[in-house]
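Thanks for making time. I have one structure to go through, and I will take it piece by piece. Please have the sequence and the model open.

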Amino acid sequence: MNAETRAGFFLTHNGLRTYKKDTNSNVEFPLTPITVTEIKQYLRSKDIPFHDGYSCLHIPSIFTESPSQSNSFSMFIDKTTGQFLCKDTLAEGSWEDLQDCLEVMQKEGKGFISPNILMRYAESVEEQEDRKREFNEVQGIWSSSVLFADLPDDEVQLIKTMFQITKISNATLKRFGVKLFKPTKSLVFPWVGGPDSSLKGIKLLSAQRTDGDKVTYNEATFPKFSSYYCLFGLTLISRMDSEVVLTGHELDCLAVSQATGLPSVALPRGVSCLPPILLPYLEQFKRVTLWLGGDIRSWEASKIFSRKLAMKRCSLVRPGEYQPQPLEALVQNKNLSRIIKGSIPASHKSIVSFKQLREDVYGELLNTDQVAGVKWTRFPELNRILKGHRKGELTVFTGPTGSGKTTFISELALDLCMQGVNTLWGSFEINNVRLAKIMLTQFAMERLEDNLEKYDFWADKFEQLPLYFMTFHGQQNIKTVLDTMEHAVYLYDINHIIIDNLQFMMGQENLSIDKFAVQDHIIGVFRKFATNSSCHVTLIIHPRKEEDDRELQTASIFGSAKASQEADNVLILQEKKLVTCPGRRSLQVTKNRFDGDVGIFPLDFIKASLTFSTPSKGKHKLRKVAGKSENEEEVQLNTAASSKGEAKGGKAEKGTKTTKTQRTQKNPANKNETIQK
């Protein structure tokens, strides 16, 4: 396929993307993963000069006729993915797109090429209307917002007290272009970019006080969060600056800049993600200090992001009692310059002494609840046993055929995803459309077949979740799956990957090798990936054939003992089949490497919403088993209590197909309502 027939990259026009690729959440990997060595060899074969940067290769822009001499190397190629970005035109695309452009230039004997050559797929009328409405909304909010210098002093003091930014001066707020949107009492942070420095979007920040006099912040972005790529503060940085402080929030960026005078920027999505498309804007800095917050999650994100940025130039501010997040440090009159100077290098040697580990150990002892991981909101009993969901672990999950393994694990993953855990689904047994339908029903907690007028309301909210799907279906080779996982972790900072299931991947391996040996190899690969990528991997494995009246055990997992040995957690969905009524389900934790607690608790399946819920207290008595062998695990159930049956869902009504506009008229929901994570 040549360049004239491909839609390979985005082009920003007047601050808005007028043409785009398919922006669904499917994660695909190039047929042949590219390496930086192959990129360099190709550029040399085309006589294209390049500079070897930290995260990118720099080449002269091929989309401008005469690039300025001071910034001739204004095009950046990602060393990991081959994706490119031209700063002069804001054109971006894949490595294959760049190759197509260069081939056309060579064929036609031109020194540059118009970026319009690859633009073929225009937006639909509905998408254009949505974009226009969103742009008008951005302009309307921005034009009606007020600078702090134009507000009465008493109102300024009231707003600053509300947001706990009394230490931030009006001059700092003005320099960064921060305004106040009076109708909602929200701070407005502008996204300004492009060659013409036009307004591309905004972020609204509101504040609420809790019972403990603590302030919680809620964010809303225009355009939507998944398309918001603003490095706040970047416009104030000059080409001569060689050092920058990377913060997780706009208010922290203001605090660092005011207190230290150092160049500082804020990530658009906080500690959840560092989009690779932003890496070219950080290439000029020889030193990057990451001060993303004051908790364990920020510390873990700092270490992950430093890998993308090149660890040799990164320093990390370790969170602690005397080193809180920047805004809090400013309020407490701490010396922010001294804290930044005391940051530690991100790179480390293969062998360390306890002296290097001492502060990390103290941090884990001080923040035991944060170290335990993200808590589930729908499964409190699982929190009591596993304590939380942690990065870098491998969970093996099994259960009888037809017991609802996929349905249960999808709700378990959805629970975490709704709290901001970036999630990647690899479903090889059921297709993505059916899986997404299950998860959307669980998200809405109701049967949408009977409430089609609510579909767009819930779909708009569901679309904002950091949820992605692999495009595989059926049997797959382990190397292809692993390449896709690495690709997704780099692009989207994935924290949780679900593989459903192991048996489907074994079909493509060498059939001459013992199938148990193949399974052991695959499990070892996933174990290594989870540890090296600091990403939690949940692996679904079918059990070996057992008699129907026998409960599954750890030894029931198909294959050798390596699965249970390598796993940090082993979860079993037990099902006791009954003749007179639906089977009773329970979740059993037979291994917990974090603190050793194991146990079992009952589940109720609600058919209408496809969800599992923990029964109310008093119905079952849970006894958590700690420190016992698998054969000694017990659970006491109150047999006198009645068991709740499955909630019966009504038949779906057949309705006529409606357009999104018609459905919106039936249910005029606010599309831009933010999701509380």
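Directly after α6 comes G261, and its phi is positive, near 75°. This is a predicted model, so every value I quote is computed from predicted coordinates.

Is α6 mostly buried or exposed? Helix α6 covers residues 250–260, and nine of its 11 residues are buried, so the rest of the structure largely encloses it. The buried set runs E250, L251, D252, C253, L254, A255, V256 and S257, and then T260. As a reminder, an α-helix has 3.6 residues a turn, so residues three or four places apart point the same way.

Next, the sheet. Which strands form it, and in what order? Five strands make an open sheet, ordered β15-β14-β16-β17-β18, with mixed pairing. At the edges stand β15 (264–266) and β18 (344–345); each has a single partner strand, so one side of each has no neighbour in the sheet. Helix α6 packs on this sheet and touches β14, β15 and β16 (287–291). The direction of α6 makes about 175° with that of β15. Helix α7, residues 296–309, also packs on the sheet, where it touches β14, β16, β17 (314–316) and β18. The direction of α7 makes about 175° with that of β17.

Now strand β14, residues 243–247. Four of the five residues in β14 are buried, so I use the cut-off here: buried means under 20% relative accessible area. Strand β14 runs parallel to β15, and three bridges join the two. With β16, β14 pairs over five bridges, again in the parallel sense. As for individual positions, V245 is opposite S264 in β15. T247 is opposite A266 in β15, and T247 is also opposite W291 in β16.

On to the backbone. Most residues other than glycine have a negative phi, and most peptide bonds are trans. Where do we find exceptions? The bond from F222 to P223 is cis, with omega near 5°. P223 sits in the loop between β13 (215–222) and β14. N501 is in the loop between β22 (496–500) and α17 (502–506).

Two residues other than glycine have a positive phi to mention. Q164 has a phi of about 60° and lies in the loop between α4 (153–163) and α5 (170–175). Is Q164 buried, exposed or partly exposed? Its relative accessibility is 34%, so Q164 counts as partly exposed. K387 has a phi near 75°, and its place is the loop between α12 (380–386) and β19 (394–398).

Last, the chain as a whole. The protein chain has 20 helices and 28 strands. Of its 677 residues, 50% are buried. Among contacts with a separation of 6 or more, 67% are between residues 24 or more positions apart.

Notes: Residues are numbered from 1 along each chain as its sequence is written. This is a predicted model: local features need pLDDT of at least 70, side-chain atom pairs count only at pLDDT 80 or more; totals for chains, interfaces and linings use all residues. Side-chain values use heavy atoms; hydrogens and water are left out. Buried means under 20% relative accessible area, exposed over 50%, partly exposed in between (1.4 Å probe, protein chains only). Two strands pair if DSSP finds at least two bridges between them. Contact means heavy atoms within 4.5 Å. Axes are lines fitted to C-alpha atoms, for helices over the stretch in contact, and angles run from 0 to 180 degrees between N-to-C directions.
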